[in-house]
Each structure stands twice: as C-alpha cells, then as structure tokens.
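Subject: Structure handover

Hello,

I am passing this structure on to you.

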Amino acid sequence: MELAADFNDIFWEPPETEFQPLLDFESEITSEAPHNDIALLTQRIKRSFLDYVRQGIMLETVRRHRLYKRQYKDFAEYCNRALGRSHFYCQKIIQAAQICLRLIKSKFKILPNCVAQALPLLKFAKVDEYGESKLQDKWQTVIDGFPPHLITAAKIQEALDENPEDRAKQVRVSGKSYQLLEQKAAAAGMAVSAYLEMLIGGTQPPDEEPPDDDEETELTPEKEEICDRAEAFAKAKPLAGFGKPKLSKSYQKTINIRSDKASDSS
C-alpha cells in the first residue's frame, strides 16, 4: 500500500513556501520601480503599521470561538505549535489590538503603531460602573505632548507615568561587571537591584551572622580591675543571716572570661 500526501488538506504546505508571499510582494513592488504610484505606496505603508491589529482580531477569533480545538488541546498549544509564538505574546497582541480598536471607534486619527505603543494604555482601559474609562483622555495626553513622528513606546510610558520617581531606568554595564554584581548581591542575600540601591545609599550589606555574645574578647585594664574587685567580693565572708552575695551577670561573665584565659595560659 502506497502512502501519498493529501493535497486536499488545507494545512499541508511545504515549509519552503511559507514565506513565498513576501517574495512575491517584493517582486511586485520592485518590478514597478521607479514608476511606483507614491500615493498608493504611502497608503499601503500606513496601513501596514496597523497589521498587529489585524493579527489581534484573528487571534481573538481563534481563541473566542475555539477554532483550534480540532487539532490542539488549548489556545496555548495552538500559539506554540501552529504559530511558533508564546501564548503570552499572542495574548499581548490581542490586548493591544483591542486598545487600538477602541481608539479608532473613539474617532482618533493618530493611533499606536505597534504592540509596544498600545500596551502602556492597557491599565487605563478598564471601564467603570458608569461605562467610562481613562483610555481616551490618556491617549489624548500623549498626542498633545508629542508630534506623531516622535511618539514612541518609551515616550508614551513617560507621559502616562503617574509615579515618575519610581520609574525604572536602564544603565548599561559590561557583562563582567554585571556578573560581579550578581555574585556580591548573592553573597549578601539580596537581589541585584536592592544591592545597587544599598550601595547608592552608602550603606553596607548586612552581616551574614549576628555577632556571638559568648565570643571571647580581650580584657582591658578597666575590666581587669573589675575582675579583681569582683573576685574579692565573691571571697568575702557572708554576712550573718545571708548567703553568698549574688554577682550581677556582667560580673559573672567578666570573671568567666578571665578564668578561661588563666586556664589557657597555664
């Protein structure tokens, strides 16, 4: 019995043809150069900026209607195996697309050009009990603050940041320097960021172990004198009706230290 490929299977496609549409598109555009219609190209370029929205719409359709269920156990497996993308990444595309669609329906002409530009708006998209959200006002703040060609994900984040003092900053260090920081932070039992904040604040890392109260210490002349007086007091004859005088803990400890040193010298 011969096994033959089922060419009626719409999912069957040789891997080498996966990117053929892009190669065809390149041939189409370059074959017309330099006589391309600039107005048409501009329109197509601007439309392509919002390709992530189309991706998000299609992904949400697959997810919501469970179109994956005949071949994959869940949406995550579909993302991993069918698309070669993580479930987390595909979810972010869906969220970004929903943000952009809401701005389009709110009549905005300037829109986030990519997933990274749309995601900072996500936390303002929640609708309250009155059907209102901060999304439109926050996006208006962005487009009022920057001309369209200067809008970036970083500038959007900066414009919408409600706690600028806590905003994370990036500092470039060499790989060796970062490894050294990791080692020192680990030795101090701290995260790298916390260790850096400690160093910047001029403090020292915590001791690995608290000092031992029972550890021997050198006796100073003052402590020697205390020992002499304590021993004399301890040997004194008890008063009538009373037992041996009770020494304080500090005296007892000082005597013990001196006794241990005396036994070591002998």
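The notes below go from the chain as a whole to single residues.

Please keep in mind that this is a predicted model.

Overall make-up

The protein chain has 12 helices and zero strands. Read from the N terminus, the order of elements is therefore α-α-α-α-α-α-α-α-α-α-α-α. The chain holds 266 residues, and 21% of them are buried. Taking contacts between residues at least 6 apart in sequence, 46% link residues at least 24 apart.

The pair α3 and α5

Helix α3 covers residues 51–64 and helix α5 covers residues 87–105. Their axes come within 8 Å of each other and cross at roughly 115 degrees. The crossing is left-handed. On the α3 side the contact is made by Tyr52, Val53, Gln55, Gly56, Ile57, Leu59, Glu60 and Arg63. These meet Cys90, Gln91, Ile93, Ile94, Ala96, Ala97, Gln98, Cys100 and Leu101 of α5. By type, the residues of this contact are 11 nonpolar, four polar and two charged.

Nonpolar cores

The largest nonpolar core has 33 residues, and the members that touch the most others are Phe75, Leu103 and Trp139. Two or more residues each come from α3, α4 (75–83), α5, α6 (115–118), α7 (135–145) and α8 (153–160). Helix α5 supplies the largest share of this core, nine residues.

Phe75 is worth a look on screen. Leaving out residues up to four places away in sequence, Phe75 touches Leu59, Val62, Arg63, Tyr68, His87, Gln91 and Ile94. Of these, Leu59 and Arg63 are also on the α3 side of the contact with α5, while Gln91 and Ile94 are on the α5 side.

Another core lies apart from the largest one. This other core has six residues, among them Leu181, Ala188, Val192 and Tyr195.

Cysteines

How many disulfides does a search of the whole structure find? The number is zero. For reference, a disulfide is a covalent bond between the sulfur atoms of two cysteines. Two cysteines can be described by their accessibility. Cys100 has 0% relative accessibility and is buried, because the cut-off for buried is under 20%. Cys114 has a relative accessible area of 29%, so Cys114 is partly exposed.

Backbone points to check

Most residues other than glycine have a negative phi, and most peptide bonds are trans.

- The peptide bond from Ala33 to Pro34 is cis, with omega near 5 degrees. Pro34 sits in the loop between α1 (20–32) and α2 (38–48).
- Arg66 is a residue other than glycine with a positive phi, near 50 degrees. Arg66 belongs to the loop between α3 and α4, and is partly exposed at 47% relative accessibility.
- Lys107, also a residue other than glycine, has a positive phi near 75 degrees. Lys107 is placed in the loop between α5 and α6. At 68% relative accessibility, Lys107 is exposed.

Leu67

Not counting residues up to four places away in sequence, Leu67 touches Thr61 and Val62. Val62 is also among the residues that Phe75 touches. From Leu67 to Tyr78 there are 11 residues in sequence and 9.7 Å in space, C-alpha to C-alpha.

Regards

Conventions:
Residues are numbered from 1 along each chain as its sequence is written. This is a predicted model: local features need pLDDT of at least 70, side-chain atom pairs count only at pLDDT 80 or more; totals for chains, interfaces and linings use all residues. Side-chain values use heavy atoms; hydrogens and water are left out. Axes are lines fitted to C-alpha atoms, for helices over the stretch in contact, and angles run from 0 to 180 degrees between N-to-C directions. Helices (H or I, at least four residues) and strands (E, at least two) are DSSP runs, numbered from the N terminus. A crossing is left-handed if the near helix is turned anticlockwise from the far one by less than a right angle, and right-handed if clockwise. Contact means heavy atoms within 4.5 Å. Ala, Val, Leu, Ile, Met, Phe, Trp, Tyr, Cys and Pro count as nonpolar, Asp, Glu, Lys and Arg as charged, and the others, Gly among them, as polar. A nonpolar core is a set of buried Ala, Val, Leu, Ile, Met, Phe, Trp, Tyr and Cys residues joined through side-chain atoms within 4.5 Å. Buried means under 20% relative accessible area, exposed over 50%, partly exposed in between (1.4 Å probe, protein chains only). A disulfide is a pair of cysteine sulfur atoms within 2.5 Å.
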